[in-house]
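Reader: I would like to learn how to read a few features of a model. Where do we begin?

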Amino acid sequence: MPTQQKALLLQKKQGDWEVGTVEVPKPGPDQLLVKVEATALNPVDWAIQVHGLFIENFPAVVGFDAAGVVEEVGEDVTGFTPGDKVLFEGSLGNTQATFQQYSLSNADVTAKIPGNITVDQAATIPLCLATAALALFDAGSAGLFPPWEEKGRGKYAGKPIVVFGGATSVGQFAIQLVKLAGFSPIIATASLKNTSLLEAIGVTHVLDRNLSSDVLLAEIMKITAETPVEVVFDAFSRPTPPSALDILAPGGTLVLVQPDPGDLGKEAAAQGKKAVGVYGDVNVPDRRKTRQSLYAKLTALLESGEIKPTRVELLPRGLTGIPGGLKRLENGEASGFKFVVRPQETP
Ligand SMILES: NC(=O)c1ccc[n+]([C@@H]2O[C@H](COP(=O)([O-])OP(=O)(O)OC[C@H]3O[C@@H](n4cnc5c(N)ncnc54)[C@H](OP(=O)(O)O)[C@@H]3O)[C@@H](O)[C@H]2O)c1
């Protein structure tokens, strides 16, 4: 077991990325040390660097998605042994970040990867699935009943739902979860080139995300004439389209993928509606119930094919491929797929 490893380091606030060497951390109680074989890139990674968000201590390691092999098991951990293939969500704080070759995961929010999913595919799952799942099904956000729990399948049968930005990774997981929950019709906005991708995971109506607000509203009202829309999920939220609250029935909930709904919360309340946000972090110490229950069922959901990973574009040269990938992500070049790198292939 090496004591040193390669990591992608953010040198200072809004500084450059550079591959360097850091210590391999030791797992504490309830933790696993995982050899990171694949990590995925997320918008928050470039936002941290470009806007100087969240981090005050440098050099810093970031990265929020990992899949790999358990190397060492901490005290009190049950259910995992060295050699298990696992996926987990990384966290702020260098030892649990994923743009490095070894990282620590919290065992209660780590899942084994079933044989039908590659390690590269597994890396696309943690942050975006958690964001969709917590936004829709955690009591701190929309608080719907989770479809992965007993009696959760089909609970919302016959209720329509609208997903803005359906082709985002978060949107694709949200669509799969609301399909399991029984929502129908599932109406999603996206670039029309992603129509077949979205239909394959359960969308019944794909609408061009560039339609004007009026036309979009009219199209959705045509589809949902019989049943009012009680939930709208904005999987992009930068910014939320103006029609979002108009689509919602009185008492309905607009679900955003920002931590705080901001002014939309007040606007919604003034109309007798609700807007909620989400912080898609499964590692926060409090409010662990939904997170643990999702992870307890995740391997089975993947094995059955009820939840499928996002498509992958693999970037070459390990950690050194990340800065270029983040630039492409910032430029909007990831349409319907996730960039993934393999830290062990760092030159
Ligand atoms: N609050 C949290 O904890 C949290 C956690 C994770 C992510 N997020 C946020 O969730 C959002 C999605 O993240 P992601 O990783 O899933 O993104 P992503 O997959 O990288 O997003 C790429 C997709 O965005 C779509 N898109 C681009 N501009 C759009 C617009 N104006 N309206 C609707 N869709 C648009 C594109 O769809 P087309 O190809 O169809 O054009 C593209 O497929 C981001 O805003 C991210 O910051 C929040």
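This is a predicted model: local features need pLDDT of at least 70, side-chain atom pairs count only at pLDDT 80 or more; totals for chains, interfaces and linings use all residues.

Reader: Which polar backbone atom is 2.7 Å from a nitrogen atom of the ligand?

Author: That atom belongs to valine 257. A backbone N or O atom of phenylalanine 236 lies 3.0 Å from a ligand oxygen. For glycine 336, the distance from a backbone N or O atom to a ligand oxygen is 3.1 Å.

Reader: What describes two packed helices?

Author: The angle between their axes and the distance between the axes. Here, helix α3 (residues 126-137) packs with helix α4 (residues 169-180) at about 50 degrees, the axes 8 Å apart. That angle makes α3 oblique to α4. Their crossing is right-handed. On α3, the contact residues include Leu129, Ala133 and Phe137; on α4, Val170, Phe173 and Leu177 are among them. The contact residues divide into 11 nonpolar, two polar and no charged.

Reader: What should I expect of phi and of peptide bonds?

Author: Most residues other than glycine have a negative phi, and most peptide bonds are trans. Lysine 151 has a positive phi, near 70 degrees. Its place is the loop between α3 and β8 (161-164).

Reader: Which residues does a cis peptide bond join, with omega about -5 degrees?

Author: Arginine 238 and proline 239. Proline 239 is in the loop between β11 (229-234) and α7 (244-247). The bond from phenylalanine 58 to proline 59 is also cis, with omega near -5 degrees. Proline 59 sits in the loop between α1 (43-51) and β4 (65-73).

Methods
Residues are numbered from 1 along each chain as its sequence is written. Side-chain values use heavy atoms; hydrogens and water are left out. Axes are lines fitted to C-alpha atoms, for helices over the stretch in contact, and angles run from 0 to 180 degrees between N-to-C directions. Helices (H or I, at least four residues) and strands (E, at least two) are DSSP runs, numbered from the N terminus. Angles under 35 degrees count as roughly parallel, over 145 as roughly antiparallel, 65 to 115 as roughly perpendicular and the rest as oblique. A crossing is left-handed if the near helix is turned anticlockwise from the far one by less than a right angle, and right-handed if clockwise. Contact means heavy atoms within 4.5 Å. Ala, Val, Leu, Ile, Met, Phe, Trp, Tyr, Cys and Pro count as nonpolar, Asp, Glu, Lys and Arg as charged, and the others, Gly among them, as polar. A polar contact is a pair of N or O atoms within 3.5 Å; within protein, one must be able to donate a hydrogen and the other to accept it, and residues adjacent in sequence count only if both atoms are side-chain atoms.
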